[in-house]
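Hello,

Here is the structure I promised to pass on to you. Please open it first, and then read my notes below with the view beside you.

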Amino acid sequence: MRLECILAVVLLALACDPKKPGPVTFAPVGELPERAEPPALLTSFDGAVPVTDGAGWYDFRRGELKALLTHYVYGAMPSPVAVEVVPQANVPLLLPGVDYREYAVNVEQSWLYVAVFSPSGVTRPPVLLGLNKCGNHTLVADERVRATTSLVISACDGSRGSQSALWPVAEVVAAGYALATFHESDAAPDDPARYRDGLIRSMQVEGSPAARWGALSAWAYGLSRAVDLLQALDIDTQRITLVGHSRRGKAALWAAANDERVAAVVAHQSGRGGAPLTRDGSGETVELINSAFPHWFDGVFPTFAGNERRLPVDQHALLALVAPRRVLLSEGDDDAWADPQGSKRSLELARPVWPLLGAEPESKTRWQTRPGGHEINREDWQRFIAWEKGE
Ligand code: GCU
């Protein structure tokens, strides 16, 4: 072959070889530039390679964003481990139309007690899965539901059925859904002095402040271990939806971002560290959230207090990690602390990722608000169910 031809072949090959982005680096806050706008989602971290299709997203950009959120916000999570499942109670018709089953899930000697309420006589129902604050036994008054032995925090009324207004179990099940839940203290008590008494103690991740996994990562990891359990049950594993209110909405989003077996996530009033952008957010600040809840995030996020614009990642990336699956952000008009408008903007910025992965953002993602403030009630659950059904 003539030299010109050989050169032409080499040049052609170089032109067709997609450029590989450089590695992600994790500079401390003082070395990062201020950026008023959140970082572009569809360009590599080094700014050199545009993401134009699903291949680019999965080859590098998705991993970059996950690594950035892990380092700068939530802290590391261990890799999934195999769980041991020990069936506990099995009570037909605990409530009219509601069968009840309970499972002890052993995660490296931390036990998650997962309660599953399901429609009697229905095979493979879709399932809603969420953390509960005070113990499975606070959802319904029935004595056959195991009372938690994990920490019941002082903000809880730990009596049977005390949380039933927040958990309309019979209505959710009557709509055709299984409802699965476990006490968040099984994974990590919501207490700065005790949050390690669960998964974190039995699965210590050692290392830098970024490696510290706080309660949000422990809750998200626990949700994934509950998803492991759901794989083996008579439910529709293609329709697993995570549901969480407020701090549990933050955890639900982080779990859905990490666990692609989850089909949909409903984050109700997730607030700072959840759906809303951090850098131009109103409502709760990085400083306030980390001083009131020093156990939620990793050791790096608090260093951005007052310097939110230096964050090299923002929460639109969290939403984008759920693509092409489904996201509902549900807000309250009077819930300024949770920054409903910041959550709207975050979703708008994340939406271009869906078409890249062959999905329509209009049908897969929704931001909605309702009158009222910071609470979860029966009507909210009805809205979540209507959305899951595609209404
Ligand atoms: C506090 C906290 C929020 C959180 C909320 C909740 O208000 O500041 O970040 O979302 O509690 O979990 O209800």
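**Charges over rings**

The charged end of Arg146 is placed over the ring of Tyr113, 3.4 Å from the ring's centre. For a charge to sit over a ring, NZ of Lys or CZ of Arg must be within 6 Å of the ring centre and within 35 degrees of the ring normal. Arg326 does likewise with Trp387, lying over its face at 4.1 Å from the ring centre.

Before going on, a word on how to read this. It is a predicted model, in which local features need pLDDT of at least 70 and side-chain atom pairs count only at pLDDT 80 or more, while totals for chains, interfaces and linings use all residues. Residues are numbered from 1 along each chain as its sequence is written, and side-chain values use heavy atoms, with hydrogens and water left out.

**Aromatic pairs**

How many aromatic pairs does the structure hold? There are eleven. Rings of Phe, Tyr and Trp (its six-membered ring) count as a pair if their centres lie within 6.5 Å; planes under 30 degrees apart are called stacked, over 60 edge-to-face, and the rest tilted.

Take Trp167 and Trp381: the ring centres are 5.4 Å apart and the planes are at 45°, so this pair is tilted. Trp167 belongs to the loop between strand 4 (127-132) and helix 3 (169-174), and Trp381 to helix 13 (residues 378-388), so the pair ties together parts that are 214 residues apart in sequence. Helices (H or I, at least four residues) and strands (E, at least two) are DSSP runs, numbered from the N terminus. Trp167 is buried at a relative accessible area of 10%, and Trp381 is buried at 3%. Here buried means under 20% relative accessible area, exposed means over 50%, and partly exposed is in between (1.4 Å probe, protein chains only).

Another tilted pair is formed by Phe297 and Phe301, with 4.7 Å from centre to centre and 45° between the planes. Both Phe297 and Phe301 are buried. They also belong to a cluster linked by ring pairs, together with Tyr74, Trp254, Phe293 and Trp296.

**Helix 2 against helix 7**

Contact means heavy atoms within 4.5 Å. Helix 2 packs with helix 7 (residues 247-258) at an angle of about 145°, and their axes are 11 Å apart. Axes are lines fitted to C-alpha atoms, for helices over the stretch in contact, and angles run from 0 to 180 degrees between N-to-C directions.

**Salt bridges**

Side chains of opposite charge can pair when their charged atoms come close. The count here is 19 salt bridges, each being a side-chain nitrogen of Lys or Arg within 4 Å of a carboxyl oxygen of Asp or Glu.

Which parts of the chain does the bridge between Glu37 and Arg345 link? Glu37 lies in the loop between helix 1 (3-16) and helix 2 (54-74), and Arg345 in helix 10 (residues 340-350), 308 residues apart. The N to O distance in this bridge is 3.7 Å. Glu37 is partly exposed, at 49% relative accessible area, and Arg345 is partly exposed too, at 25%.

Asp314 and Arg279 meet in a salt bridge at 2.8 Å, N to O. Asp314 counts as buried at 1% relative accessibility, as does Arg279 at 5%.

Arg370 pairs with Asp380, the closest N and O atoms being 2.7 Å apart. Arg370 is in strand 9 (residues 365-370) and Asp380 in helix 13, ten residues apart. Are these two buried or exposed? Arg370 is buried, at 5%, and Asp380 counts as buried at 0%. Elsewhere, Arg225, Asp228, Asp259 and Arg261 are joined in a network of salt bridges.

**Two single residues**

Ala275 is in the loop between strand 7 and helix 8 and counts as buried at 0% relative accessibility. Leaving aside neighbours within four places in sequence, Ala275 has contacts that include Leu253, Gln315 and Ser346.

Glu108, in the loop between strand 2 (98-107) and strand 3 (110-119), is partly exposed at 42% relative accessible area. Beyond its neighbours within four places in sequence, Glu108 is in contact with Val81, Ser202 and Met203.

Best wishes
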